[in-house]
Amino acid sequence: MLLVRLGCGRRHRLTIQLQRVVEEEVALRKLAANLNLSERMTFAGQLSHEETLAAVARYSVLVMPSLSVNEFYPNIMKEAMALRVPCVAYDLPGIRAFSISGGEVCLVKPGRIEQLAQRIFDILEDEDLRSQTVQAGWVRVQDFDIRKTAHRQAELFRALANRQVLPGWVSEV
């Protein structure tokens, strides 16, 4: 389990903040106590959007340990990148599609807990990797700027109105 691996936290003092943990919270609190990690964990519960952004801005790394194939362009990752917080996640189709250059997110094969923990430590310990990941994430998240998105949508609607095909858009209707 990731908590066990992170509990061996080398020289790092790790604060683990879990959000939206409901049914697993009792078991996780018990495990944290058994591993002597209770003082290093915060169970945030349900946070407002503003509270979530404030918390993410304080993170050294955002970890998305989800194994759900329904994760597609997770907003929390985009927000972390906009706040210049590096991200580590399992290599799922939606997250891989979001990480177009491969450097925006440190990806790990799904279910590989040891590798996930190692990538977290890599981000914490390797300043070059951290800087490269933060910069690539910052560049990528600019694609989601509302002004750029609105401009692309307007361009698409004009092209459709004129029955034109835009490069990179589907040509068949």
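The charged end of Lys-78 lies over the ring of Phe-144, 4.6 Å from the ring centre. A charge counts as over a ring if NZ of Lys or CZ of Arg is within 6 Å of the ring centre and within 35 degrees of the ring normal. Arg-84 likewise places its charged end over the ring of Trp-138, 4.0 Å from the centre. The model is predicted, so local features need pLDDT of at least 70 and side-chain atom pairs pLDDT 80 or more, while totals for chains, interfaces and linings use all residues. Residues are numbered from 1 along each chain as its sequence is written, and side-chain values use heavy atoms, without hydrogens and water.

Lys-78 and Trp-138 also take part in a helix contact. Helix α4 (residues 75-82) packs against helix α7 (residues 127-141) at about 115°, with the axes 8 Å apart. Axes are lines fitted to C-alpha atoms, for helices over the stretch in contact, and angles run from 0 to 180 degrees between N-to-C directions. Helices (H or I, at least four residues) are DSSP runs, numbered from the N terminus. The two helices are therefore roughly perpendicular (65 to 115 degrees). Lys-78, Met-81 and Ala-82 of α4 touch Gly-137, Trp-138 and Val-141 of α7 (heavy atoms within 4.5 Å).

Helix α6 (residues 113-125) also packs against α7, at an angle of about 95° and with axes 5 Å apart. This pair, too, is roughly perpendicular. From α6, Arg-119, Asp-122, Ile-123 and Glu-125 meet Glu-127, Leu-129, Arg-130 and Thr-133 in α7.

Definitions and conventions: Angles under 35 degrees count as roughly parallel, over 145 as roughly antiparallel, 65 to 115 as roughly perpendicular and the rest as oblique.
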